[in-house]
Amino acid sequence: MSERNLAPALDAAPALRAAGRYAVIGAAALAVFAAVLLAAGKSPGKAYVDTFQATLASAYGVSELLVRMTPLLLAAVAVALPARLGLINVGGEGQLYMGAWMASAGAFLFPAAPAWALLPLVTLLGFLGGAAWAAIPGLLRAARLVNETIATLLLNYVAPLIVSYFIFGPWRAREHSAYPQSPLFPEAALLPTFFDTRVHAGLLIALAALACYWLLLEKTRWGLDMRAIGGNPEAAQRLGIPLAGWIVLALALGGGCAGLAGMGEAMGTAGRLRQGLSPGYGFTGFLIAWLAGGRALGILFMAFLFAILTCAGDTLQITQGLPYSVVNILLAMILFLVLARRPGGGR
Amino acid sequence: MTAPEKPPLVEIRGICKRYGAVLANDRVDLELRGGEVHALLGENGAGKSTLAKILYGYTRPDAGEIRVGGRPADLRSPRDARALGIGMVFQNFMLIPALSVLENIALFLPGLPAVLRPEAIARRIREYGERFGLGVDPAAPVRQLSVGDQQKVEILKLLLAEARVLLFDEPTKVLAPHEIEALFGIFGALRADGYALLFITHKLREVVRCADRITVLRQGRVTGGIAPGQADVDTLVAMMFGAGAAPEPAPDGARAPVPPGTPPILELIGASARAEGSETALSGLELTLEPGEIVGVAGVSGSGQKELGDLILGLRPLSAGSKRFCGEDASSWSIARMRERGTAFIPEDPLRMAAVAGMPVRENLALGTGRRYHKGAGLDWAALEAAMGASFQALAFPVPALGRPIGALSGGNLQRVVLARELAHGPRLIVALYPTRGLDARSADSVRALLRRARAAGSGVLLISEDLEELAELADRLLVLFAGAIAGTFPRGGWRAEAVGHLMTGSKEVTGV
């Protein structure tokens, strides 16, 4: 009796049903998107075939999907965790940049450190950078000064500027002075990659973060407290759960995950710190967490789907000469369809 | 005097309305006549608001008849009521702060043309304003208005929409004293113009001042109607709170022997707390709660009961004075620490105050149990379930399905889960805030029995209630709270409903008006 209902997120039947539902929604969205492509004078059949060939049809395509999934998973956890307390974190993008920035600082400060010391250090710093950035809105919210949605959103505009300052100034690479970016990180700071692909250790970190998220929320007493706050803050407070502390901590943990995404992009994919490190992973993470309803398996599935969609954008740009932003139409279609399925559009 | 043969504007006969186990209105008769201020008086929960909602078409009665202007009326929605000239001024104003007075009023008017003619509406606002003392600037944004002026806008809305019957739901609750004076002036002007007013309140003094006719409700029933001139505070108190006879105290439960020198469970020494917004500040409270004692707290709603409970529970900081728990200074203890040391809280609305609706019963039972069942990073669910099972058994409650979301339980069962959890660890102090409100008679009885049992076991119980009969039955001592201060203390059996009623309504000094 005691095992039942403690693990709603692992319950297989609802997860399968949800997957089926999303498949239907996805098919409908693809159909509408096909109409848009036709109206633009392009061939939707070719677009879909091209996308399929660029992603799922080859080992290389799949590996690229995993590369894209890595930051998306972490950015989604960054949103999903605070959401369980009823907190809305739209600052994933800024937290991602601060994580990348802190990790870069670690790599540049200890260029001679061996990999076994430097890799854990940059990972930790990446986490701390995002966590500290998210703790600011957390503290403001806990002190009942500023709503966390506003504060996290606005800090998104600050973080890339901090990164820009450093790559235009102290960390600017000497070799290509025309292009603002940091020099390459020392070899020891780069995340290991697998099987000659761009898939890096960040994927393992992301999967671990997702598992920790599920374990923390569903299996621990801390998760119980956090879910109680999300379910009924007044009752939680009356039952002696320290609201303010949990608010700061949950946002910090979420921000830390986004920070890890930034660290992964810098240390795993780009090899250096630069502007445009993230094409909006933080925001896409919000969509993923929201569409998945905070369920761990849902996040995994949605992150995979969104990785395909963003790859589709690149493919369409190359093969059909369509702008990358055309996939936003597809994303919007999916969002609308999901919203339409929920009465009132609420969660 | 209006001509007696003229039919009343609104006449209701035999209105009954039942909410679950509670009979909110029981065969209520009422007449509203033009040129009269009709006061509807009663304690909280007496059924005043239900009656108003029925009159305004929000709720449909289970039985009874409403006649408007002599003809039977079927009020299915507020729109129907408005069409028949019935308007209502709510406790919480229905205004849009960003819009001007004129825009707010225009929004409410029926049959508005596509292109507004603001001058015409503004002229009517000024005209009505002068006639009834409702002067407000039509162009002013509502957010800049004082509460009293906002209320005037609400009244103007109804007048411009040509309502003839105006329902006021506790209109003085939000007003400052001088604004109350102004409102009574407006009442006078409206009455002189032939409007029918229903004035819902629980404040005796106001009723005596301005009503032409008074109907008193108690537990959903009309306990009396008084014609003008006969209003007398003593009679009204008797009608509101029951017969003047002293309530029969129930036989005192056996108390556990308390060893001499045991410190009181709870002491408040000059305890004060500040207030924010609509809260009530507490000032200089003195209270001692001995082991094996139930101290009752009476008061009309908004006298500081919830604030007192929160102060004791550790949710509200003291601004002055001190709080002692079992001999220790607990003035700055958090609620977590108070609970850890043996404080239980029985709320009026468990779904809002003590449970998380979406979580299963099992997880709800674990909330607020402090460190008792910690096991590594998780909880010792087996031990928790065993302890809670024992608690359910001790209270003779059936154990609900632990996997069901607690929000799916009935009100009574939900309260039982909360009780089982709160009483599972033999609390020393029990703070009960309207613990029987909204429960059916049987569940309410079992809650009372359980409080008596806790007393017998040596716990100290603070029982905050507005049910004087319940307090008479249970309380060893009764405190009366009025405006955040203790207005009086009575020993068990040493008080009469009338005396308490006077203190509760702050009407002591107007006795014999």
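Keep in mind that the model is predicted.

**How chain B is divided**

Let's start with chain B, which splits into domain 1 (10-241), domain 2 (265-342 + 428-495) and domain 3 (356-425). Taken over C-alpha atoms, the centres of domain 2 and domain 3 of chain B lie 24 Å apart. Where these two meet, domain 2 of chain B supplies nine residues and domain 3 of chain B supplies eight residues. On the domain 2 side, the elements giving two or more residues are H10 and helix H15 (441-456) of chain B. Sorted by class, that side has four nonpolar, two polar and three charged residues.

| Sheet (chain B) | Strand order | Pairing |
|---|---|---|
| Six strands, open | E16-E19-E20-E13-E21-E22 | mixed |
| Four strands, open | E12-E11-E14-E15 | antiparallel |

A quick reminder: strands of a sheet pair through backbone hydrogen bonds, either parallel or antiparallel.

If you want one pair to look for, B:Ala298 has B:Val480 in E21(B) as its bridge partner. Helix H17 (residues 497-505) of chain B packs on this sheet, where it touches E13, E21 and E22 of chain B. The direction of helix H17 makes about 30° with that of E21(B).

Strand E11 (residues 266-273) and strand E14 (residues 320-325) of chain B run antiparallel and share five bridges. Here you can look for B:Leu268, which stands opposite B:Lys323 in E14(B).

**Where the chains meet**

Chain B puts 28 residues in contact with 19 residues of chain A. On the chain B side, helix H10 (335-340), helix H11 (350-353), helix H12 (361-366), strand E18 (378-379) and helix H13 (381-394) each give two or more residues. By class, this side of chain B has 18 nonpolar, six polar and four charged residues.

Helix H12 of chain B is also the place of B:Arg362. Is B:Arg362 buried or exposed? With 24 other C-beta atoms within 10 Å, B:Arg362 counts as buried, because the cut-off for that is 20 or more. Leaving out residues up to four places away in sequence, B:Arg362 touches B:Leu402 and B:Gly403. B:Ala382 is 20 residues away from B:Arg362 along the chain, and their C-alpha atoms are separated by 11 Å.

**The nonpolar core**

Finally, the largest nonpolar core has 260 residues. Among those with the most contacts inside it are A:Leu74, A:Ile288 and B:Leu463. The element that gives the most to this core is helix H10 (residues 243-270) of chain A, with 15 residues. Setting aside neighbours within four places in sequence, A:Leu74 is in contact with several residues, including A:Ala206, A:Cys257 and A:Leu260.

Note on methods:
Residues numbered from 1 in each chain as written. Chains lettered and ligands numbered in written order. Predicted model: local features only at pLDDT ≥ 70, side-chain atom pairs only at ≥ 80, totals over all residues. Pairing = 2+ DSSP bridges. Contact = placed C-beta atoms within 7 Å. Axes fitted to C-alpha atoms, helices over the stretch in contact; angles between N-to-C directions. Nonpolar A, V, L, I, M, F, W, Y, C, P; charged D, E, K, R; others polar. Domains from an automatic or database assignment. Buried ≥ 20, exposed ≤ 12 C-beta atoms within 10 Å, placed from the backbone. Core = buried A, V, L, I, M, F, W, Y, C linked by C-beta atoms within 7 Å.
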